Amino acid sequence: MTPAASRTSPGGKDQHLVDENTLEKDGSQDAELLGLTEDAVYTTMRFSRPFRSCDPHDQDITSDTMRVLAAYGLDDTVKLDRERTFVKSIFLLQVFHPDDLDVPENTIIHDLEITDFLIPEDDTTYACTFLPLPIVSKKHHIYKFEPKLMDHNETMVHHILLYACGNASALPTGISDCYGADPAFSLCSQVVVGWAIGGTSYQFPDDVGISIGMPLDPQWVRLEIHYSNFHNLAGVYDSSGVRMYYSAQLRKHDMGVLQLGFLTFPIHFIPPGAESFLSYGLCKTEKFEEMNGAPVPDIQVFGYLLHTHLAGRALQAVQYRNGTQLRTICKDDSYDFNLQETRDLPHPVEIKPGDELLVECHYQTLDRDSLTFGGPSTINEMCLIFLFYYPRNNISSCMGYPDIISVAHELGEEVSDSMEGMMAMNNVEWTPESIRTAEKACKEVQQMVIIKTIDEMVENTTGWIPEIIPTPRGPCLESSGGKVEPQDETPAGFRAAVPTPLSASGTAALSHLPLAALLLGQGAFSWLLATLQAGA
């Protein structure tokens, strides 16, 4: 290849896809190309566009997972070529950039890992071991973590979790199945940090950290690694884990993690052939103080991690106070199983004792002809949201599930206990009508709520799933270049917004989004960059 000279090109057109092969210019030109440079290796494009234009051809740019479609060619003709097109999932609205965060002085690195573990040939393996946290003579804060993955084994490691152990726990030694014959290897349930497929490192905001070295701080953790060996490869050894960065330079707040969602096993089920199926997990915080053993200050949530498996399409966590919906804490309507990262909230969200928290998970199973059950395997399902918050308390999880006996009765099945209720799901003829009946029943029957502490205390309560009022979409921004054609008129309920100046305090006040698209290239090529919804 002859290296191309570096060049900058203005202009560019705002277009949309008519079909898989055809591009058409928008009547409203809402994207502005700010610069296009090309050298021997990269072509870099920078452009701006309203987060939400009034052109119905444009996707809103939100905190959801966005699909970026890019195409290149061998000449300057703008067209799509399947062999030269690729899609990448990305978070366009990253609140904090790692380069903007403080790096404490005298940072110490500590690795927690499984060493030379022979990955079984089974499809799914949960390997657990118990490891000590760093021994320090005074309080320190862990401020960053990142995965440690072996080369060539990355695709087999589905997720890594660290669970804090109560200091009174009697812990086993060695490595074993987390949820197998020895229940001791499932001890410790308070998540400290979590990483999942597609994620990278995560550094906490500058005012929070994980406390170690104090009498009430955990001294041991359970390291859990989920391996997915779908090719049943033999003789593969792995040494994966988590690298932690900590320092004696203390931060203002000690952080914790609260696990919410649908109790994974044994009640969760999703019918086959479902275009859409919603599952719910309720959390009632009214017993938090009693279980914590001390008053629980208001929880300030600053980040979150969403988790389902392959059938998951969207998740959200909604907060209620005194029976009234307060806010959506976090959501992703375009969830991608292959991009699971801890994300920051634009502003901390306050949760008070007595609030109710509801997790809703949206699934699609059109490619399945049998029931999907909740479980550990990637082909099973989960519905989990981890909230990162401060100040830390002793509550590790608050999960819900529906009364499966009542659900079975609504589906015309006579059962007398929960096990019969789950087995009866296999007797149902799954049609669009029965799928809707099951979804409605799971939402309307009583929810069982299970709350657990770091010391393995468990308390049960019950509740009912409240309605979720959709969050209205914000105002759109009329284009400053081009004319909105009659068929592209502002949809009902939208109104034009006054452009807002760029704010240095976060993303909430942004009206336009500056982006940099990095594309590999050979010679001159055309470009296309558009955001796509999940499943489109």
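Which residue of E6 is the bridge partner of Thr-37? In this predicted model, the answer is Thr-44. The pair belongs to a hairpin in which strands E5 and E6 are separated by three residues. Strand E5 covers residues 32-38, and six bridges join it to E6 in an antiparallel arrangement. Strands of a sheet pair through backbone hydrogen bonds, either parallel or antiparallel.

A search of the whole structure finds five of them. With the bonded cysteines counted along the chain, their pattern is 1-10, 2-4, 3-5, 6-9, 7-8. A disulfide is a covalent bond between the sulfur atoms of two cysteines.

One of these disulfides is formed by Cys-54 and Cys-476, with 2.0 Å between their sulfur atoms. The link of Cys-54 and Cys-476 is right-handed, with 90° about the S-S bond. Cys-54 is found in the loop between strand E6 (42-50) and strand E7 (66-71), while Cys-476 is in the loop between strand E34 (458-463) and strand E35 (481-482), so the bond ties together parts that are 422 residues apart in sequence. Cys-54 counts as buried, at 4% relative accessibility. Cys-476 is buried too, with a relative accessible area of 0%.

Another disulfide joins Cys-165 to Cys-188, again with an S to S distance of 2.0 Å. Here the value about the S-S bond is 110°, and the link of Cys-165 and Cys-188 is right-handed. Cys-165 lies in the loop between strand E13 (157-164) and strand E14 (176-177), and Cys-188 in the loop between E14 and strand E15 (190-196), so this pair ties together parts that are 23 residues apart in sequence. Both Cys-165 and Cys-188 are buried.

A further disulfide joins Cys-361 to Cys-383, with the sulfur atoms 2.0 Å apart. The torsion about the S-S bond of Cys-361 and Cys-383 is about 90°, so this disulfide is right-handed. Cys-361 is part of strand E29 (residues 356-363), whereas Cys-383 lies in the loop between strand E30 (372-373) and strand E31 (384-390), so parts that are 22 residues apart in sequence are tied together. Cys-361 counts as buried at 0% relative accessibility, and Cys-383 is buried with a relative accessible area of 0%. Elsewhere, Cys-330 counts as buried at 3% relative accessibility.

Attention now turns to helix H4, residues 432-444. Its 13 residues, at 1.5 Å a residue, should span 18 Å, and the end C-alpha atoms are 18 Å apart, in agreement with that expectation. Seen down the helix axis, the buried residues of H4 fall within an arc of 165°, so they line one face of the helix. These buried residues are Ser-434, Ile-435, Ala-438, Glu-439, Ala-441 and Cys-442. For Cys-442, the relative accessible area is 9%. The exposed residues Pro-432 and Glu-433 are carried on the face of H4 turned away from its buried side. Several elements contribute to the cover over the buried residues of H4, including strand E23 (269-270), strand E24 (277-284), strand E32 (395-402), helix H2 (404-410) and strand E33 (447-453).

Leaving aside residues up to four places away in sequence, Ser-240 touches Glu-113, Ile-114, Lys-148, Leu-149, Met-150, Val-157, Leu-223 and Ile-225.

Conventions: Residues are numbered from 1 along each chain as its sequence is written. This is a predicted model: local features need pLDDT of at least 70, side-chain atom pairs count only at pLDDT 80 or more; totals for chains, interfaces and linings use all residues. Side-chain values use heavy atoms; hydrogens and water are left out. Helices (H or I, at least four residues) and strands (E, at least two) are DSSP runs, numbered from the N terminus. The expected span of a helix is 1.5 Å times one less than its number of residues. Buried means under 20% relative accessible area, exposed over 50%, partly exposed in between (1.4 Å probe, protein chains only). The arc is that of the directions from the helix axis to the C-beta atoms. Contact means heavy atoms within 4.5 Å. A disulfide is a pair of cysteine sulfur atoms within 2.5 Å. Two strands pair if DSSP finds at least two bridges between them.
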